[in-house]
Amino acid sequence: MEPLAGKVALVTGGSRGIGAAIARKLAQDGADVALTYLRAERRAEAVVRDVAALGRRGLALAADSADPEAVTAAVRRTAAEFGRLDILVNNAGVFPYGSIEETSLRDVDHTLAVHVRGVYVAIRAAVPHLADGGRVISIGSCFAERVPYPGVALYAMSKSALVGLTRGLARDLGGRGITVNVVHPGSTDTDMNPADGETAEAERGHIALGRYADPAEIADTVSHLAGPGGRYITGTSISVDGGFAA
């Protein structure tokens, strides 16, 4: 049986990496899936084709998560095209790197616009459309739990904000049975942080399991939270980091 049969999901930043894996997994489990992308239109359309190959409806929407109007429009378009919205996955992200002396206020504003304001706006836009019992899942970072080396303070700050947002919204939306959670991936083999990249060996040294995650392993946890098994999990952070924060 498909645990998400009849459900509709929106995945922000779903054209590649973890977001694409989540979109494919939700479709595999029965959901119709819309996804947003910034510039990677061909990659987004490839994910939509994969969704269609699984017998689901797919939709790619150009939307910059730093733009509140674009985020709101993407949520509304998803609900209009598919007739409902059950699952919102806030995945879109950037990775600023550098010391506080090297980081500009423009870097700060853009990072918070994508990771915090963009998530807040997406959820606010989704709430009127979410069915009772719906799911909100945000993708955080292992750096919200542990920061073992310099250069990621801004990134860690922005992802840590999702923890407070998640706890507060779990209270706000719990009366409708809507669950709100954040998943903290560790080092994951994507084009943003490849397992054979320059820093990969050093990163593996911090991971108890000694390897990078496959994006599908993050997607599995997201799909569990989106499905029947996640109906009593809310207001919490779940680390999928191979023991990075152990």
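**Basis.** I am working from a predicted model, where local features need pLDDT of at least 70, side-chain atom pairs count only at pLDDT 80 or more, and totals for chains, interfaces and linings use all residues. Residues are numbered from 1 along each chain as its sequence is written, and side-chain values use heavy atoms, with hydrogens and water left out.

**Sheet.** I looked up the strand order (strands are DSSP E runs of at least two residues, helices H or I runs of at least four, numbered from the N terminus). The sheet is open, has 7 strands and runs β3-β2-β1-β4-β5-β6-β7, with parallel pairing (at least two DSSP bridges between two strands). β3 (58–62) and β7 (236–240) are the edge strands.

I then checked one pair. β2 and β3 share 5 bridges in the parallel sense. Tyrosine 37 has alanine 62 in β3 as its bridge partner.

Helix α5 (153–173) packs on the sheet and touches β5, β6 and β7 (contact: heavy atoms within 4.5 Å). Its direction makes about 160° with that of β6.

**Cores.** I looked for nonpolar cores: buried Ala, Val, Leu, Ile, Met, Phe, Trp, Tyr and Cys residues joined through side-chain atoms within 4.5 Å (buried: under 20% relative accessible area, 1.4 Å probe, protein chains only). The largest has 31 residues, and Val33 is among those with the most contacts inside it. α1 gives the largest share, 7 residues. Another core, of 28 residues, lies apart and includes Leu165 and Ile178.

Methods. Buried < 20%, exposed > 50% of the residue type's maximum accessible area, 1.4 Å probe, protein only. Axes fitted to C-alpha atoms, helices over the stretch in contact; angles between N-to-C directions.
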